[in-house]
Amino acid sequence: MTVHMNGQPIYDIIFTQSFDALPEEMERLNIKNRRIMVVSDMNVGTIYTQGIVDLLRDYCKEIQSFIFKAGEKNKNLDVVRSLYEALIVNEFDRGDMLVALGGGVVGDLTGFAAATYLRGIDFVQIPTSLLAQADSSIGGKTGVDFSSYKNMVGAFHMPKLVYINVSTLNSLPDREFVSGMGEIIKYGMIRDADYFRWLMQHTRDIKAKDTETLLEMLRVSCNIKREIVEKDPKEQGDRALLNLGHTIGHAIEKTLNFELLHGECVAMGLIFSSKLSEQKGLISYEDYEEICDLITAFEFPDFPEDLNIKKVIKATKNDKKRASGQIKFIVLKKIGEACIDMSVTDEDMENAINAVYEEIE
Ligand SMILES: NC(=O)c1ccc[n+]([C@@H]2O[C@H](COP(=O)([O-])OP(=O)(O)OC[C@H]3O[C@@H](n4cnc5c(N)ncnc54)[C@H](O)[C@@H]3O)[C@@H](O)[C@H]2O)c1
């Protein structure tokens, strides 16, 4: 699959079940005379980095690795600084390249370092979490968190290649896998009712990590993201639809001090946004129920019992998805179609969250 920008091909997304084709794909990027820094976190690094280094060693000028502690709390400028230092000490120049090997944290941080080191060098994404394969590795959004503000510092910087090897999902912890399904279900909700129903029909195969099913699921998900980012690369219009469930999801993530995973909070956000859409008379109760059923089928964690709803609403105020003080809330018109709604109030959000909580009690 090729991602275009202004009609020009920019990078390919490869869908496969091994790393066998990686040298060939990298050769296309003329790596022969280039240094490569493989950036990874400790969890992924321990399993895959050496293999990737060995695989690419004979194809490039030099290859090294930079591994940092896993987790969102390390997606920050301190780690970027250490990475810059490693690049400087090893004399990386403009022609050299970074490879992000890991989940969304590694991808976002490496992409940001690539966007800023020497005013921008090339980078490749090798996403290894479901969330990164379906979502974060595509579209060129890079960045790090600043204090408690998520993704507050960043840049748009396109990768040169996205290499998706679904077999890496076998080592991904189950909870992380389920979390990634939050973003995938979102794609069906905003763009493709048939895909939404396909997900319903294939729940069992997806949970069993059947290779062909995962490849198909990722092809459709990435294609939806590709179409959206090609039309609106810098989020001035339709790209905002990808934020369905994220205004409330991010607010919950922050309120709970990042104890729940991103995709888990997005899944809750999807349910609350669907309820809000139903309360506004946009979708039917049956549609809302269908959405809840699909999310439930993937066994996301239960809603937190002691969620401080007022605090969640307050936390939506820091959301970057606001335009001049007004929240750009994404609502559903039907399963498969979403739109931006600038009229959603704090009360609307609070009513929706309360209504969902009353239903589950
Ligand atoms: N740039 C974007 O467009 C975009 C979109 C969505 C999310 N994000 C960002 O992505 C991040 C979340 O990504 P994530 O869920 O991948 O988190 P993550 O990168 O922290 O990965 C989750 C956990 O799984 C481990 N892991 C990853 N792949 C593994 C594998 N194959 N085997 C074993 N362990 C593995 C990681 O070490 C980590 O502990 C957030 O920072 C979010 O802001 C970015």
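Helices here are DSSP runs of H or I of at least four residues, and strands are runs of E of at least two, numbered from the N terminus. This is a predicted model, in which local features need pLDDT of at least 70 and side-chain atom pairs count only at pLDDT 80 or more, while totals for chains, interfaces and linings use all residues. Residues are numbered from 1 along each chain as its sequence is written.

I will start with the domains. The protein is divided into domain 1 (2-170) and domain 2 (174-360), with bounds that come from an automatic or database domain assignment. Their contact takes 24 residues from domain 1 and 27 residues from domain 2, where contact requires C-beta atoms, placed from the backbone, within 7 Å. On the domain 1 side, strand 1 (2-5), strand 2 (8-16), helix 5 and strand 8 (149-156) each supply at least two residues. Helix 5 gives the most, with 5 residues.

Next, the ligand. Its shell has 29 residues, and the closest are Asn43, Gly103, Gly104, Ser129 and Ser136; a residue is near the molecule if its C-beta atom, placed from the backbone, lies within 6 Å of it. Both domain 1 and domain 2 contribute at least three residues each to this shell. Helix 2 (42-56), helix 4 (104-116), helix 5 (130-136) and helix 6 (174-191) each give at least two.

Helix 6 is mostly covered, with 15 of its 18 residues buried. Buried means 20 or more other C-beta atoms within 10 Å of the residue's own, exposed means 12 or fewer, and partly exposed is in between, with C-beta atoms placed from the backbone. How far apart are the end C-alpha atoms of helix 6? They are 26 Å apart, which agrees with the 26 Å that its 18 residues should span at 1.5 Å a residue, the expected span being 1.5 Å times one less than the number of residues.

Now the core. The largest nonpolar core has 105 residues, and Val39, Leu98, Val99, Leu101 and Met189 have the most contacts inside it. Such a core is a set of buried Ala, Val, Leu, Ile, Met, Phe, Trp, Tyr and Cys residues joined through C-beta atoms within 7 Å. Beyond four places in sequence, the contacts of Met189 include Phe196, Leu244 and Leu270.

Last, two backbone points. Asn257 lies in the loop between helix 10 (246-255) and helix 11 (262-279), and its phi is near 55 degrees. Asn257 is exposed because it has 8 other C-beta atoms within 10 Å. Asn6, in the loop between strand 1 and strand 2, has a positive phi of about 50 degrees.

Technical notes
Contact = placed C-beta atoms within 7 Å.
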